[in-house]
Amino acid sequence: MKNLKVSTKLLVSFIIVIAVTLTLGIVSVITMNRLNNTYTEAIDTHAKPLGDAVAIMENLQAMRAAARGVILFSGTADSDEKIQEEEKAIDEYAKKFEEALAAYDKTIIRDDVRQLFDDAKSLYDDTFKPTLEDVIRLANSGTSQKELIDNYLPVLKSSSDAISADLGEVVNIKRDMLNQAELNGVAQNRAILIEIIAVLAAAVLISVFLAVYLTGLITKPLAILTTFMEKAGNTGDIKLRPEDVQTISA
């Protein structure tokens, strides 16, 4: 840049500063998007499904408790009203259970989780749900508590226990996956932080270099002129050296 005029040098320097600023801004935006995508993926892939799995287990236990209520109220005074209340509660729990089941089904990405989930779902569809429907139907028809307790309650208990066991393993696996995702997120955040620091350091170094360079562009000609004026005042010599003329006129 020796042969360029000062105005041109200043313009080029400011363009460089603008380019560095834009680069820093672009890197910052990209970095923020990466962080956002990391956390969004962790939430969508692990945190939300974990909540769905917990909701499945909670509503399963609620249905089991309500079914026990249906059995206890069967054949008692005012049994119809009480059984209807329990039946209504079971319908609500079943709806929440099946909604959470469908939501979780869409998030499964591992074969072992798929196997456990399908086993739990089959137990619900093939054993627990039909047995629960039979209990409600028989209780409404006046079947005795003893018959329901002897023939149906053990089936509800064993099937719900098996479903809970499978879903418990699913929850444990999902929790481990979430913990691993958090560790990966921490490592990625550290790497991104290093990138940001590196870019900031580069920007600072370039800015310092340009500041020193621009200061030299302005102060060097002024220093030459100051020296010339002092020399001219002291000696009457008003001649400038060729290199000084080139520096001042640059």
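In which helix is the place of S159? I looked, and S159 sits in helix α5; helices here are DSSP runs of H or I, at least four residues long, numbered from the N terminus.

Ground rules before I go on. I'm reading a predicted model, where local features need pLDDT of at least 70 and side-chain atom pairs count only at pLDDT 80 or more, while totals for chains, interfaces and linings use all residues. Residues are numbered from 1 along each chain as its sequence is written, and side-chain values use heavy atoms, with hydrogens and water left out.

Back to S159. I find it buried, because its relative accessibility is 3% (buried means under 20% relative accessible area with a 1.4 Å probe, protein chains only). Leaving out residues up to four places away in sequence, S159 touches T127 and F128; contact means heavy atoms within 4.5 Å.

Then the aromatics. I get three aromatic pairs in the whole structure, a pair being Phe, Tyr or Trp (six-membered) rings with centres within 6.5 Å. F97 and Y124 have ring centres 4.4 Å apart and planes at 35°, so I note them as tilted (stacked is under 30 degrees, edge-to-face over 60, tilted the rest). F97 is in α2 and Y124 in α3, so this pair ties together parts 27 residues apart in sequence. F97, Y124 and F128 form one aromatic cluster.

How values were computed. Helix = DSSP H or I, 4+ residues; strand = E, 2+ residues; numbered from the N terminus. Buried < 20%, exposed > 50% of the residue type's maximum accessible area, 1.4 Å probe, protein only.
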